[in-house]
Amino acid sequence: MTDNDTALAILEAADRRRAERRRFLTLATSGAATIGGLGLLSACGGNKGSTGTTPTPTPTPTPTASSTTAQIDIDVLNFALNLEYLEAQFYQYAVYGTGLPGSQTVGGAGAAAGTVTGGRQVTFTDPVVAQYAREIAQDEAAHVNYLRTALGSAAVAMPSLNIDGSATGAFTAAALAAGVITSGQTFDPYASDENFLLGAFIFEDVGVSAYKGATPLITNTTYLGAAAGILAAEAYHAGLVRTALYAKGLATPSLRTNAGKISDARDSLDGTSDDDQGITGDATTSNIVPANLDGIAYSRTTGQVLNIAYLSKAAVSSGGFFPAGLNGNIKTSTAQA
Amino acid sequence: MAEDQLLEAFDSRVRRRAERREFFKAAIGAAAIGATTLVVTQEAFAQTVTDADILNFALNLEYLEAQFYAYAAGGAGLDSTLLGTSPGAVTATNARRVDNLDSDPVVRDYAREIAADEVAHVKFLRAQLGTTAVVQPAIDISATATSPFSAAARAAGLIGAGATFDPYSSPENFLLGAFIFEDVGVTAYKGAAPLILNKTYVEAAAGIMAVEAYHAAIIRTSLYAKGVATPNLRSATNAISDARDSLDGTTTDLDQGISPVTINGGTASNIAPLDADGLAYARSTGQVLNIVYLNNAAVTSGGFFPAGVNGTIKTSAAN
């Protein structure tokens, strides 16, 4: 009897969660027409190169490593490299108080790197969180190095980044948009273990959805496998950060609600399709995995990713964490209703 | 004792560095061969293996995961409507809702979430495959001295001869039981995705792979955090990881435990099992079957699948 009750309760919880996911799926489907065919349902045409954004066909240096690399592959990998620069610098500063070495930020053909505004070492009080941070910092630096190596001379330089924890920093703007703080307050991701985890949360799921959305655009099988490998790595990271927040949320419920607010803010920035979820399911079910009704992770178009990175619902080419925009050919966010 | 732990941590750090170095060399070697090899491999495979074959292979693994979590979280197996006509039997001796699960509400919440996700994967794959979906094969998730869970734990050196590893006996044992499967799922999808020809299925496979990586991170992060008070939980993951590695062939190291490593002079966790480039590993279908069959030879059944998996891909690799 007890077992039956438990099984029933689980089924009910699963139904509730499914109902929520169904709502997401419906929204996602209705939004499919506006997101340029990157979604699962429209991917069957193998529409390589048909992105929501229109890459400007400016000349790009041919990589020395593989002179036949398709332009779309270069553009997509450079788009990913911009995001990895951002993540890597955030974690490098949080762990070490300094950024990536200059040799890892200069363009493959010698273009100068942008500047990093803000960033400082976190004084971790929970050694386990410090150990997570050090692990992720290493992985993100490896991703930067890997993509730079793959792109060779075609690798873009690090763009200017704002990872500032002050009142005028991008993190405060993001937290304000999410309602994690109110007007006049500051969100400093370097101030505590908890703030660091929330700061990391702002990025991590976006990385997963970005790689998932970009994967079908890549034409070269080697790069496709590599992108899948980075996708899984980002999902491990995101799972780590979400699990840590959920566990700490037992004693500090605001961590769970704030993660939900950040998720909602990302959703409102990237259009009407719901492709994001917080970490709470119901009273006895977590929601560490943001996934649709079918248990599949979400995709975002490059334009949607830039809505979040630029903290703008409009079609713009800079803002938020990238004050001078991304480097490379994919740099414009999508105009959202 | 502390010295032993230090030595052990040092050993594992050296191992991880050596592993990464080895991968790095392999990666450079692969780069010299170039993309052509991969394309040829894909086409060679495509002549004999269809997308449906690969999705059915994945469906077998999802049946296994879903049954395990359904019992662990809810005390009962999957609804019979999800299994196909005349499915194989589930041997579930002593399988049950995890003892004292409510005493650890966070782990309970995780178990319920993952259980629902794995059911969704079974439903999704069955819907995609339609009438070509394979029925559930015979599955053994029991907890006895001769069960696959005990055999796996024994191979990892976690228990001695004649002893039982019971993944349902505590939240911690449940996490270790889940650890046996989760990273394997990630590597299986990563290995299979490039073999799929239909772009829709490629993206779906990538989406399921990401979800399995989230799941794996839940399990690994939880074991790591609990490992502060119970260091055995961390070392157990390394032992299980080593056992998986010895099953799936000695030439490639495709697995890592969670024990702390040293990076730039400081202690770091190892939640994400990645190569030197920060990329997740891939396993071939044969390597995945080595692990779930608990056999490093070329066989068609064993371990968690006592009558083998259903479908055309069913033989493990000869290692």
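Helices here are DSSP runs of H or I with at least four residues, numbered from the N terminus. The model is predicted.

Q: What makes the stretch that holds Ser150(B) a helix, and which one is it?
A: Ser150(B) lies in α5 of chain B, residues 148-155. A helix is a DSSP run of at least four residues, so the stretch is named as one.

Q: Why is Ser150(B) called buried?
A: Its relative accessible area is 0%. Buried means under 20%, so Ser150(B) is classed as buried.

Q: Which residues beyond four places in sequence are in contact with Ser150(B)?
A: Thr144(B), Ala145(B), Ile159(B), Ala163(B), Thr164(B) and Phe165(B) are in contact with Ser150(B).

Q: What makes the pair Lys212(A) and Glu203(B) a salt bridge?
A: The closest N and O atoms of Lys212(A) and Glu203(B) are 3.5 Å apart. The cut-off is 4 Å between a side-chain nitrogen of Lys or Arg and a carboxyl oxygen of Asp or Glu, so the pair qualifies. Across the interface of chain B and chain A, the rule finds 1 salt bridge.

Q: Which elements of chain B supply at least two residues each to the side that touches chain A?
A: They are α2, α3, α4, α6, α7 and β4 of chain B. The most comes from α7(B), with 21 residues. By class, this side of chain B has 34 nonpolar, 16 polar and 15 charged residues.

Q: How much area do chain B and chain A bury between them?
A: About 5,500 Å², with 64% of it on carbon and sulfur atoms. In the contact count, 65 residues of chain B meet 72 residues of chain A.

Notes
Residues numbered from 1 in each chain as written. Chains lettered and ligands numbered in written order. Predicted model: local features only at pLDDT ≥ 70, side-chain atom pairs only at ≥ 80, totals over all residues. Heavy atoms only, no water. Contact = heavy atoms within 4.5 Å. Buried area = accessible area lost by both parts, 1.4 Å probe. Nonpolar A, V, L, I, M, F, W, Y, C, P; charged D, E, K, R; others polar. Buried < 20%, exposed > 50% of the residue type's maximum accessible area, 1.4 Å probe, protein only.
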